[in-house]
Amino acid sequence: MIDILFWALAVVSVASGVAVFVVDSMARATYALAVSFIAVGIMLVMVGLEYIGIITILMMVMEMAIMAVYMVMFMGMNPALMPMDMTHNKRWSAVLAMGTFVLLAAGALLIPWPARVGAPAVDLVASLGEAIMGPKMLAMLTISPVLFATIIAGLVIVNPRGRYDRWGDDLKHRPPNDPLRGGLGQ
Amino acid sequence: MTLQAVLLVAAALFCVGLYGALSQKVIVMVMMGLELMLNGVILAAGAFWWFLAPAPDGQVLLLIVIAAMTVEMAMGFAVATLLHRSRGSDMTDSATDLSG
Amino acid sequence: MSEPIVQVSPAWAVLAPLALLLFALAGAGLNGALVARSVGRPGRSGASAPLAQVARLLRQRRQVTVAADVLLWRIGAGGLVVVAILKILVIPLGPWTLADLDVGVVWFNTMDVMIWALFWLIGWGANSAHSLVGGYRFLSLAVSYELPLMFALITPAVAARSLRVGDVVAAQHDLWFVIWMPVAFVIFCGSVIAFSSWGPFATAVGRDIAGGFLTDVSGVDRLLILTGRYAVLTAGAAFAVPLFLGGGGGALLPDWLWSIVKTALVLAAFVAIRHRVPTIRPDRFAEVAWIIVLPAALLQVLVVAIIVVGS
C-alpha cells in the first residue's frame with residue numbers, strides 16, 4: 001500500500017516536473033511545478049517529516065501563486081498563441097542532465113549505504129522544535145539575519161523610487177507623492 | 001519504499017531541473033529549474049535522514065535548505081524585476097555585461 | 001466538562017463533508033434572509049433563496065469563453081470545496097476528531113494557502129479581463145492578510161506549547177484563549193473573511209469589475225465556487241472554536257453540541273458582518289496590514305510567549 005502510494009507520488013512529481021518545461025502555457029508550467037512540490041511534500045510526510053513536508057507544500061504553493069504573476073508579467077507574450085522556443089543549448093543541456101542522472105542513479109544504487117543509526121524520536125515535531133530552540137539555535141539565529149538581509153536587499157534592488165521621489169527634494173512633501181496612495185499615507 | 005527508490009526519484013527531479021535551468025532563456029523559467037533541483041535535494045535529504053540517521057538534528061538541515069530556497073526566489077525575482085525594468089527583457093542571454 | 005480529544009474511525013469522514021455543506025447552506029440562508037430584509041422583503045423569502053439558486057445553477061448551461069484554459073479553470077472551481085473539506089479534517093467536534101495531526105495548525109494554514117492558487121486559477125482560466133483582475137486582486141489582498149494570519153494561528157499554539165489541535169483545546173480548560181489573546185482572535189477572524197473573499201474583503205468579486213473571477217463562470221462551476229466560498233468561511237468559523245473559544249468546553253450541554261453552537265454563532269457573525277462593513281480596497285489595505293496589523297500580531301505573540309514562559 002505504502003509502496004503503491006510512493007510510486008504514484010514519484011511518477012506524479014517527476015511527470016509534473018517534466019511538464020514544467022514542456023507545456024506552452026505559463027500558468028500551467030507554474031502550477032505543474034506546484035504539483036511536483038505537493039507530491040514531494042507528501043513523500044516527505046511519508047518518511048516521517050510531517051512538519052517539513054507540510055511546510056514545503058505551504059511555501060511552494062504560495063511561491064508558485066506569486067511565480068505565476070511574475071511569469072505573466074515578464075514573459076510579455078502568450079506562447080500559447082505565439083508558438084516560440086525560449087530555450088538555448090538544448091542538446092548539451094539534455095546530455096549534461098542525462099549524464100548527471102546516470103551518475104546520481106548509479107551512486108544511489110551501487111553505494112553500500114550503512115545501516116540505520118539510532119531511532120526516530122516518538123514525537124518528531126516536538127523534537128524538531130527542541131532541536132531548533134536548543135542545540136541548533138545558532139543555525140536558526142544565523143538564518144534570521146540572512147532572511148532579513150534578503151528582504152532589505154530585494155527591496156533596494158526592486159524599488160524604483162527613492163525617498164526624494166516620494167517626499168520631494170526637501171523631504172517635506174506630505175503625504176508622499178506615490179502613484180498609488182497607501183491606506184495610512186506614509 | 002527504500003532509500004534507493006527515494007534517491008532515484010530525487011535524482012530524476014534534480015536532473016529534470018538541471019535540464020531546465022541550463023536550457024531555458026527566461027530568468028523566471030531558470031528559477032523554476034533551480035527550484036526543481038532543490039526539490040530533489042530536499043527529497044534526498046529527507047530520505048537520508050529517515051533511512052540512515054533519524055536524529056532530531058537532521059530536520060534542521062532541511063529547514064535550512066527551505067530557507068535557502070526562499071532567499072533564492074526573493075533575489076531571483078528582484079534581479080528579474082531590475083533587469084526587466086532596465087533592459088525591457090529578462091533573457092539571460094542579454095545579461096552578459098560581466099562576461100570577459 | 002471537556003473531555004480529551006480522541007480520533008474516531010475514518011468511516012465518519014463521510015459525515016464531515018455533509019455537516020460542512022449543511023453549515024454552508026445555513027450560512028447562505030442567513031445571508032439570503034439578511035439581503036431580503038435589507039430590501040424590505042420578509043426575511044423568510046430570502047432564506048430559501050440559496051435552494052432556488054442551487055436548482056437554477058444545476059440546470060443552467062455552462063458557458064465557455066474563447067480560448068479558456070478549461071483544465072485550470074475546472075481545478076480552481078472544484079478545488080475550493082475540497083480544500084474546505086481537508087480543513088475540517090483537523091477540527092474536533094466536541095471530543096471527536098477525524099485526524100488529530102501533530103501539525104494540525106500548520107495543516108489548516110497550508111489549506112488556506114491553497115486558496116491563493118485556486119482563486120487565481122479561476123480568474124486566469126476564464127481568459128477574460130475582469131475575471132483576471134479579480135484573481136490579481138485576491139492575490140494582492142492575500143499578501144496582506146497571510147502573514148498576520150500565520151502569526152494569529154501560531155499564538156494559540158505557543159500558549160498550548162503544541163501544534164496539535166487537541167492540545168490547543170486541552171490548554172483552554174481553565175481559560176479560553178480569546179480572553180487573553182483578543183488581538184490574535186480578531187486578526188484570525190478578519191483573515192478568514194479575507195480568504196473566503198467575503199464581506200469587506202470581497203473586492204476580488206466586486207461589482208466594480210462586473211463580479212471579478214465570478215464574471216464568466218456559470219452552471220455547475222458557479223455553484224461549486226459559491227458553495228466553496230461558504231464552505232471555507234464555515235471551516236474558518238469552525239476552526240476559531242478549538243483555537244480560541246475553548247473547543248467543546250461549556251456548561252450544561254454536551255461537548256459536541258457546544259462545538260456546533262459556537263461554530264454557528266461565529267459563522268452567523270461572519271455572514272452578518274458583510275451587511276455592516278464597507279468594502280476595503282486591497283491596495284490601500286496593504287499598508288495598514290504591514291504597518292499596523294502585522295506588528296500587532298507580533299506583539300500579541302510576544303505577550304503570550306512571555307506569559308507562557310513565566311507561568
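This is a predicted model: local features need pLDDT of at least 70, side-chain atom pairs count only at pLDDT 80 or more; totals for chains, interfaces and linings use all residues.
In which helix of chain A does A:Pro145 lie?

**View 1. A:Pro145 sits in a helix of chain A and counts as exposed.**
The answer to the opening question is helix α6 of chain A, where A:Pro145 lies. Look around this proline and you will find 9 C-beta neighbours inside 10 Å, and because a residue with 12 or fewer counts as exposed, A:Pro145 falls in that class.

**View 2. Chain A is built from helices, with zero strands.**
Follow chain A from its N terminus and you will pass seven helices, in the order α-α-α-α-α-α-α. The C-alpha trace of the chain spans about 70 × 55 × 30 Å along its principal axes. Its radius of gyration is 23 Å, whereas a compact globule of 186 residues would have one near 16 Å. Buried residues make up 28% of chain A. Among the contacts in this chain between residues at least 6 apart in sequence, 46% join residues at least 24 apart.

**View 3. Chain A is assigned two domains, residues 1-79 and residues 123-186.**
Domain 1 of chain A covers residues 1-79, and domain 2 of chain A covers residues 123-186. How many Å separate their centres, taken over C-alpha atoms? The separation is 27 Å.

**View 4. Chains A and B meet, and they share the most contacts of the two pairs of chains in contact.**
Here 71 residues of chain A are in contact with 61 residues of chain B. On the chain A side, the elements that each give two or more residues are α1 (2-22), α2, α3, α4 (90-110), α5 (124-133) and α6 (137-158). The largest share, eleven residues, comes from α4(A). By residue type, the side of chain A that touches chain B divides into 51 nonpolar, 14 polar and six charged residues.

**View 5. Helix α2 of chain B is mostly covered.**
This helix takes in residues 27-52 of chain B, 26 residues in total. From its first C-alpha to its last it reaches 37 Å, close to the 38 Å expected at 1.5 Å a residue. Of its 26 residues, 20 are buried. Now find B:Leu43 and set aside its neighbours within four places in sequence. In chain A, B:Leu43 is in contact with A:Val40, A:Met43 and A:Leu44. In chain B, its contacts are B:Val6, B:Val9, B:Ala10 and B:Leu13.

**View 6. The largest nonpolar core has 176 residues.**
Which residues have the most contacts inside this core? They are A:Val61, B:Val28, B:Leu43, C:Ala117 and C:Phe188. You have already met B:Leu43, with its contacts to residues such as A:Val40 and B:Val6. Domain 1 and domain 2 of chain A both give residues to the core, so it lies between them. As a general background, nonpolar side chains tend to be buried together in soluble globular proteins.

**View 7. Chains A and C are in contact through 24 residues of chain A and 23 residues of chain C.**
On the chain A side, α2 (26-46) and α3 (50-75) each supply at least two residues. The largest share, twelve residues, comes from α3(A). The side of chain A that touches chain C divides into 17 nonpolar, four polar and three charged residues. Chain B and chain C, by contrast, do not touch, and their nearest C-alpha atoms are 14 Å apart.

**View 8. Chain C has twelve helices and two strands.**
The C-alpha trace spans about 60 × 40 × 40 Å along its principal axes. With 311 residues, a compact globule would have a radius of gyration near 19 Å, and chain C agrees, with 19 Å. Of the residues of chain C, 51% count as buried. Residues 24 or more positions apart account for 81% of the contacts in chain C with a separation of 6 or more.

Note on methods: Residues are numbered from 1 along each chain as its sequence is written. Chains are lettered from A and ligands numbered from 1 in the order in which they are written. Two residues are in contact if their C-beta atoms, placed from the backbone, lie within 7 Å. Helices (H or I, at least four residues) and strands (E, at least two) are DSSP runs, numbered from the N terminus. Ala, Val, Leu, Ile, Met, Phe, Trp, Tyr, Cys and Pro count as nonpolar, Asp, Glu, Lys and Arg as charged, and the others, Gly among them, as polar. A nonpolar core is a set of buried Ala, Val, Leu, Ile, Met, Phe, Trp, Tyr and Cys residues joined through C-beta atoms within 7 Å. Domain bounds come from an automatic or database domain assignment. The radius of gyration is taken over C-alpha atoms; the globule rule is 2.2 Å times the number of residues to the power 0.38. The expected span of a helix is 1.5 Å times one less than its number of residues.
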